[in-house]
Amino acid sequence: MNENLTLLAIVLGILHSGIRLATPYLYASLGEMFAQRSGVLNLGVEGIMLMGSFFGFYTVFETQNMWLGLAVAGLVGALMGLLMALVSVTFKAEQGISGIGLSLFGLGVSSLLFKMTLGTVEGVDGFSELKFCLSSVGVNSGVCLSDLPVVGDIVFSHSLVTYLGYALVPVAAWILARTTWGLKIKAVGQNPEAADSLGVSVSAVRYATVTLGGIFAGIAGASLSISLLGIFQENMTNGIGFIAVALVYFGGWSPWGVLAGSLLFSTVSAIQLWGQVLNLPIPSDVSVMLPYLLTIIALALPIRRAAQPAALTKPFTRGEG
Amino acid sequence: MSEKNLLPSGLPRIESLEMRGIVKRFPGVLANDHVDFDVKAGEIHALLGENGAGKSTLMKILYGLYAPEEGEIYLNGEKININSPTDSINHGIGMIHQHFMLVDTLNVAQNVALGLKSTREPRLDLDIVSERITELSEAYGLHVDPQANVGRLAVGERQRVEIIKALYRGAALLVLDEPTAVLTPQEVDDVFVIFRQMARDGHGLIFISHKLDEITALTDRVTVLRDGKAIGTRPTSEVTKKDLANMMVGREVLLERNRPPAETGEVRLKLDNVSAFNDREQQILKNVSLEVRSGEIVGVAGVSGNGQRPLAEAIAGLQPTSEGSIFLEQRDVTGLATIEMLRAGLSYIPEERMHDGVIKDFSVAWNFILQDHVRAPYSRGIFLNFKYIDQHSQELIKSFNVKTPSRETPVKNLSGGNIQKLILARELDRRPRVLIAAQPTRGVDIGATEYIHNQLLLQRAEGLATLLISEDLDEVMALSDRIVVMFGGEIMGIVENKGISAEDLGLMMAGERLDNA
């Protein structure tokens, strides 16, 4: 009896962490999905996340204003995205190389600024959890959805940043399927010559998606430092940005696929964390490896490649082909 | 405005469009040299010229893709400025590109709506777009389903989608850039009916082509471009094909090929029940069996993408086969590596000449020895014999009439026709037993085509077994002793090239088997 209760508590804990930890994956991979749908592979997500992570944290540390921290992270992310767009769209550089460069740049700059300003690991309070309490005439009735058994813990006890991440999934799906902008993104990623011949500016669309991807990656980084963990460390993203790129492939370039992938990876991460907490007799190195192993397996699966945008990684020049 | 000045799409006609004194320079080339060109409502005006004559440049200027250095454009007598495709679309000019500008993963309505303002921004209004497509489709007899997925449409249907796209944007004048290059003869007939009807309804059409038959069959006037200059404009009814060919090339050309009766010998190449799959597990060759004898040219006809390329690559050892056997001079060579095939006496002219036929940045001389550089007399041990390589490439350049500044010139600086002559020289110099020639004259000018055809016929007389794969039905019919027609990776029939009509072959190219055709 007692054992069953413990097991239930662990499962609940894993599911709660899974939903929570999906936040940075979601923001980063949704943003990356827009860039890739328009034909730009941005491998700089990791670096943009680190920059967003640092600037978001530092802003909150100095001002105690969470939303300002998030906004600054988004702004820094936008600037990094613009830099990527400049190099890969305007200068038509090899996208894989320029993205790796951007990642290393973000790692270096965020570490340097960290040493110059904070120096040691500091903490902030982070976003508080929403409880979804019913209120009548402005008076809290004390009845909260978060008090519901099981689902209350798993679903109704996260911060607004996390919920916003999930809300972006249907919004992204709607943009791609139902708007003129979504149609342009898909066309530019699939056949930029066709889009160009109809007066669609390939560069403008790609600048917009890569910058949007930058904003999302910046917020993804900040969600880690100011929402989930409440601290900033050097290289704290630890590969999440690269996994986010892989998640776009894994999710077959669809927002819902990206959501499924994010949840899968965050749940595996949660299992790994709980494994450490519970001192399971598995070397921690092995469990830390799990998400990365899963990334490699996911990318090796050939079935999803059919959905790949045909012009992915190909710079566009008018009059060729 | 009277009813008669409106097009079936409900828009006003373009009574006249004139380009005057157009000059466009590219580094080292005068692509358009004071070209005058005009088209009127209700007229189909052909623009004829070889590759590099300046046709595409002139039309890209009209469509706003290039800016001219000099010259003016007048629409209904008024001077207009065109700086981008959007400007040209707004003036009622539409362009049907040679390579269709369609997004395969979207449906017809989405392809049409792309880049247009929606009536309910930012949301799409595909229902309204679909309605209008249906209206236009009925008014012009185009039979286009707005919900159809473009990736699944046949080539002829895709072309009609392109026409709808232009009409939807209000095109009164249409530029048709080699619109028949990828069609079967029947599809060509169908689309010509549409073009003629559009002209009768008051559209102006500019028809770019280098196919003389089509120009004489379809157009009202013809303007010939050569080396960037307009050589002349004539009513089509007053010129013969021969006149046009001579105007285009600037000298006398022979359109007919002299093909004496074949003196065939032993079977040199035999395919027995060969099947193959691509990396997406789709079957691309289905039970293909054929024979090529010494002294004959066997032509493979078919619309692009019906298994011709896998066939050539299977024989060359580049495409693994799943079933069946390939014999080269009685020897079973199934599954041999390409180098073994080359040693066994095969020569191969690949269809993607810039991609698979040469290394663009290498010199002419280096490209001559791509296969044989490991063998004497090109090399001794690990050392290349530069003296022999230089001397021999000089001989080949001369005997095959390759126009190049020197043997050291990088191949990418040569014209398409001369690159093809280079490849032909290399492949024939190896004294092959069997030659696979895939699209040997695609994109090659009339002069070089004449030369390449004559070389193939000369080799035939000397006993070479040639498999000629071509999407140009005229070429297949001019050179082949027997004709194999492919559709969907299968052979629809093999016929003697005697008394067979292009229409019969066209039916097979569209998927009818010989016994039904």
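**Strands, edges and an interface**

Q: What makes strand β11 (residues 267-277) and β12 of chain B a pair?
A: Bridges do. In this predicted model, 7 bridges join β11(B) to β12(B), and the two run antiparallel. A pair needs at least two bridges, so β11(B) and β12(B) count as one. Within that pairing, B:Leu269 sits opposite B:Val292 of β12(B).

Q: Why do β12 (283-293) and β15 (331-332) of chain B stand at the edges?
A: The strand order is β12-β11-β14-β15 in chain B, an open sheet of 4 strands with antiparallel pairing. β12(B) and β15(B) each have a single partner strand, so one side of each has no neighbour in the sheet.

Q: Which strands does helix α9 (residues 308-315) of chain B lie across?
A: Helix α9(B) lies across β11, β12 and β14 (323-328) of chain B, and runs at about 60° to β12(B).

Q: What makes up the contact between chain A and chain B?
A: Chain B puts in 20 residues and chain A 19. Residues count as touching when their C-beta atoms lie within 7 Å. On chain B's side, α2 (85-90) and α3 (108-113) each supply at least two residues, and α2(B) gives the largest share, 3 residues. By class, that side of chain B has 11 nonpolar, 7 polar and 2 charged residues.

Q: What are the domains of chain B?
A: The domain assignment gives domain 1 (3-249), domain 2 (256-345 + 432-517) and domain 3 (359-430). The C-alpha centres of domain 1 and domain 3 of chain B are 41 Å apart.

Key: Residues are numbered from 1 along each chain as its sequence is written. Chains are lettered from A and ligands numbered from 1 in the order in which they are written. This is a predicted model: local features need pLDDT of at least 70, side-chain atom pairs count only at pLDDT 80 or more; totals for chains, interfaces and linings use all residues. Two residues are in contact if their C-beta atoms, placed from the backbone, lie within 7 Å. Ala, Val, Leu, Ile, Met, Phe, Trp, Tyr, Cys and Pro count as nonpolar, Asp, Glu, Lys and Arg as charged, and the others, Gly among them, as polar. Domain bounds come from an automatic or database domain assignment. Axes are lines fitted to C-alpha atoms, for helices over the stretch in contact, and angles run from 0 to 180 degrees between N-to-C directions.
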